[in-house]
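Colleague: I am new to this one and would like to learn how to read a sheet. Could you walk me through it?

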Amino acid sequence: YGIPLSEFTTLRAGAGLSKTAIETFPTASADEVLNFVLESGSTFTDFTLRSGITRDTRNRTFFATRGALTRFNVDVTVPGSGVQFYNLFAQHQQYVPLFYKFFIDANSTVGYVDSYGKTKVPPPYENYFAGGPRTVRGFQDGTLGPRDTPFRNPFGGQLRTTAQFDLVIPTPLESDNKTTRLSLFYDVGNVFAQPNDFKLSELRSSAGISGAFFTPFLGLLQLSYSFPINEKTGDRVDQFQISFGSGF
C-alpha cells in the first residue's frame with residue numbers, strides 16, 4: 001500500500017508471503033549456492049514486512065526537468081521465516097537547471113542486503129547486481145562484481161552503489177523534453193560481496209552519449225553508446241545498449 005502523508009510524501013507499507021525452493025546439481029551449481037543449501041536448506045517459507053518512504057517533487061514522472069525523487073525502502077523477513085534477512089535500498093535523483101534548456105539529471109542508489117538470526121548469509125537470489133543501462137552503462141547487464149566458483153558467472157553481492165550523471169542537451173525537435181531526450185553521461189558504480197570489500201579503486205565508470213524516446217508501443221526506449229573508462233581483466237564490456245520499459 002502507498003499511504004500519502006502530504007502532497008509530495010508517501011509511506012510504503014505491506015507484507016508478503018513466499019515459498020522458495022532451490023534445486024542444485026553437483027556438477028552444474030556454483031559452490032556458493034551449494035554451501036548455502038548445506039547451511040540453510042533448500043526450501044523456505046518466508047513472511048516479509050515491507051516499509052519505506054518516498055518524497056517526489058518532480059514536475060512529471062517521465063522526462064522530468066526539475067525537482068527531486070528520494071526513496072528509502074526496508075524489507076525484512078520476520079523471525080521464524082525459512083531464511084532471516086533484511087534488504088535496505090536508498091535512491092536520490094535530482095534535477096539541476098543550468099542555462100538555456102540545459103540541466104543535469106543526477107541519480108544515485110545504494111542497496112544492502114544481509115542476514116540475521118539463525119541465517120549465516122543472505123540467500124543468493126537476494127544479491128544485488130550492477131552493469132547495464134540502469135546502473136553502469138557500457139558494461140553488460142548484471143555482470144559487474146563478484147563471480148561464482150568455479151564457473152566465473154556473475155553472482156552479485158550484498159552491497160551495490162551506483163551513480164549516473166546526465167547532462168541533458170536541448171534538441172531542435174519540438175518535444176519540449178517530454179518525448180525525446182539527448183544527453184551526455186558519466187556512470188560509476190559496482191557490486192561488492194560484503195561492505196568490507198568496498199574500495200574506490202574497484203568502482204567501474206563509463207562515459208558516453210544517450211538518447212531516450214517515448215514510443216506508443218515499447219514505452220520508454222533508451223539507446224546509449226559508452227566508453228568504459230577503467231574496465232579490468234574479466235569485465236564484460238557492451239558499448240552499445242538498448243533498453244525499453246519503465247524509466248522511473
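Predicted model: local features only at pLDDT ≥ 70, side-chain atom pairs only at ≥ 80, totals over all residues.

Colleague: What holds the strands of a sheet together?

Modeller: In general, strands of a sheet pair through backbone hydrogen bonds, and the pairing can be parallel or antiparallel. Here eleven strands make up an open sheet, with antiparallel pairing, in the order S1-S2-S3-S4-S5-S6-S7-S8-S9-S10-S11.

Colleague: Which are the edge strands?

Modeller: They are S1 (2-4) and S11 (240-245), each of which pairs on one side only. From one strand to the next, the twist averages 15°.

Colleague: Let us pick S6. Which strands does S6 pair with, and over how many bridges?

Modeller: S5 (residues 85-97) is an antiparallel partner, with 13 bridges to S6. S7 (residues 159-169) also runs antiparallel to S6, and ten bridges join the two.

Colleague: How many residues lie between S5 and S6?

Modeller: Five residues separate S5 and S6, and the two strands form a hairpin. Look in the turn for Tyr-100, which has a positive phi of about 50°.

Colleague: Is S6 mostly covered or mostly open?

Modeller: S6 (residues 103-115) is mostly covered, as ten of its 13 residues are buried. For that count, buried means under 20% relative accessible area.

Definitions and conventions. Residues numbered from 1 in each chain as written. Heavy atoms only, no water. Buried < 20%, exposed > 50% of the residue type's maximum accessible area, 1.4 Å probe, protein only. Helix = DSSP H or I, 4+ residues; strand = E, 2+ residues; numbered from the N terminus. Pairing = 2+ DSSP bridges. Axes fitted to C-alpha atoms, helices over the stretch in contact; angles between N-to-C directions.
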